[in-house]
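Please keep the 3D view at hand while reading.

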Amino acid sequence: MNKRVRVRFAPSPTGGLHLGGVRTVLYNYLFAKQHKGDFIVRIEDTDQSRYVAGAEQYIFNCLNWAGLVPDESPFNAGAYGPYRQSERKPIYRKYAEQLVQQGNAYYAFDTPEELEKMRNDFKSAENPSPQYDLDLRKKMRNSLTLTEEEVRKLLSENTKHVIRIKIPEKETISFTDMIRGEVHFDTSLVDDKVLLKADGMPTYHLAVVVDDYLMKITHAFRGEEWLPSAPVHILLWKYLFGLEEMPQWAHLPLILGPSGKLSKRDGATYGFPVFAMNWTDPTTKELSEGFKEKGFLPEAFINLLALLGWNDGTEQEIFTLEELINKFSIERVHSGGAKFDYEKAKWFNHEWIKHSEADRLRSEVKTLLEERGFSVRDDVYLEKVIELVKERCIVLPDFLEQSSFFFKTPESWDVETVKPKWNIEKKIFFESFIQQLLLLKNWNATDIEILFKKLVTENKIKAGELLFPLRIMLVGGKFGPPVFNITELLGKEETIKRIKLASIQFDS
RNA sequence: GGCCCGUUCGUCUAAGGGUUAGGACACCACCCUUUCACGGUGGUGAUACGAGUUCGAAUCUCGUACGGGCUACCA
């Protein structure tokens, strides 16, 4: 049997796209591409009360930034669409009713209040959260306890009701997880999950099974938090479509924060991004900065995420998307959760910046500079600057501090550092240095340095005493790449101009 | 509480019965560098605990502890 690989990612437009979500997409994507299959995105908006307008587009923007574009647009119904669950409502009803007909599901007429009462009444120290299970369902109002006539009457009166799966009494459900191997569940401990809600929308449980079947999904990867509800999904496959048709499951380990499952709160508390891109909480209006806006390269973001729970068995840590597609293997994914380490994340980004060609970084850096009012006219010049400073930039905004002086003459200088040691000899030195520079034929770092060193020797002053002031003259402070490289890029005119301007400051 | 999953340096991890338990981040020291970085060399640092199987266990089995997840008409 040569099945075509189709994997799907199913984000819910109720919150931002966080680390765990992107990694799930990434593994889906890598697996699909590796097997020359399709990667599709299905949108889970079954809970209309938590639905956030615009979130779908946000998620898609994140995927686009990260380079993980689905093969079928989730917004236009293709052969297997629509992909938005709210647009598939009638489909779910049909299958839910089928389950009732087959005796695998039943109508339940309990109101939310009644359910709450039940949970309170049966709550005990040993059982803090009573389940709607094979014992309790006998005590509730549903098509199992009511007479056929009563049920018909309630239905004809349009009484609010849900459809629940009827979990079999004593059965062991087993399946093979691609990461964990055989997993077993005892049905006597699983509750009768709601499949179709009172508003006619499906729950995740029904939707995921029906959609995976109709969309011909062959492999389903999701977070480990779904493992406990896997038996419900297995049962639904068995009742509806047959186990042979069921996709292979892989439950991915969780990405942990400093304490437990990584949450939005962790980002705020510990000062690192948890979302791919900026996300504003719709209720609190609180903005969470994304990896993109923080200045991460998408290549680095993908790279660090891929390595959080997987490695290829070698000591290689830096991978391109292309390499990941070739080398990824679901069998090598860890079963244990991984704690996110922001320091290591920054290291990945630093590596990617260092190893990127200047023209790869050009437009990002240009935008950054222009946003701050620096005008960048010459792309060749900009690339030279990037090449010179990139190894000291960990995140993109670092380019601002490291390179802005290449585009604007400093307005102030670190006078305090220079002034105490500033004297007439030094003043004279720089005056003759300017004279020599004017005569210099080849304007490059090496020749300027030779000239400088020669002059230093002639004047019998220590080089260090002069190198430091020169740096501050050129950039304004104690930072930046090697001084003579700066002079080379700045050019003769600008270099001399800055030395003159700064000297005046030091004199006063 | 019940069920499920997990446990190798502080963190991410390698090692699939025999290794001085390897690498990376972080940290420390030194070298390079008359700034800051990059780079180089070295260092501190781990198999949760207890039994069992075995000539031999991080590795297989069981128990304990700890961590995490789930236990909604959320996903």
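Predicted model: local features only at pLDDT ≥ 70, side-chain atom pairs only at ≥ 80, totals over all residues.

The points below cover the RNA-facing surface, then the pockets, then the cavity.

1. **The surface near the RNA.** Start with RNA strand B. By class, the surface near RNA strand B divides into 25 nonpolar, 15 polar and 24 charged residues. Several elements each supply at least two of its residues, including the helices α4 (112-121), α12 (342-355) and α19 (463-475). Among the strands that do so are β4 (162-165), β6 (181-186) and β13 (338-339).

2. **Which part of the RNA faces the protein.** Take the atoms of RNA strand B within 4 Å of the protein. Of these, 66% belong to sugar or phosphate, and the rest to bases.

3. In glutamate 317, a side-chain N or O atom is 2.6 Å from a sugar or linking oxygen of RNA strand B.

4. **The largest pocket.** Its volume is about 1,300 Å³. The lining has 48 residues, with Ala10, Ser12, Thr14, His18 and Glu225 closest to the centre. β1 (6-9), α1 (19-34) and β8 (219-223) each give at least two lining residues. The largest share, 5 residues, comes from α1. By class, the lining has 20 nonpolar, 16 polar and 12 charged residues.

5. **The second largest pocket.** This one holds about 330 Å³ of space. Its lining is made of 13 residues; Lys292, Glu293, Glu364, Leu368 and Leu396 lie nearest the centre. Two or more lining residues come from each of α9 (291-294) and α13 (358-371). α13 gives the largest share, 5 residues. The lining divides into 6 nonpolar, 3 polar and 4 charged residues.

6. **The cavity.** How many cavities of 30 Å³ or more are there? The count is 1. The largest cavity has about 50 Å³ of space. Its lining is Pro11, Val41, Ile43, Glu56, Ile59, Phe60, Leu63, Pro74 and Phe75. Helix α2 (residues 55-66) supplies the largest share, 4 residues. By class, this lining has 8 nonpolar residues, no polar ones and 1 charged.

How values were computed. Residues numbered from 1 in each chain as written. Chains lettered and ligands numbered in written order. Heavy atoms only, no water. 1 Å grid on protein atoms, 1.4 Å probe; cavity = no way out; pocket = protein on both sides within 12 Å on 5 of 7 lines; lining within 4 Å. Points joined across faces, edges and corners; volume = space filled by probe spheres on them. Nonpolar A, V, L, I, M, F, W, Y, C, P; charged D, E, K, R; others polar. Near = heavy atom within 4 Å. Polar contact = N/O pair within 3.5 Å; in protein donor to acceptor, adjacent residues only side chain to side chain.
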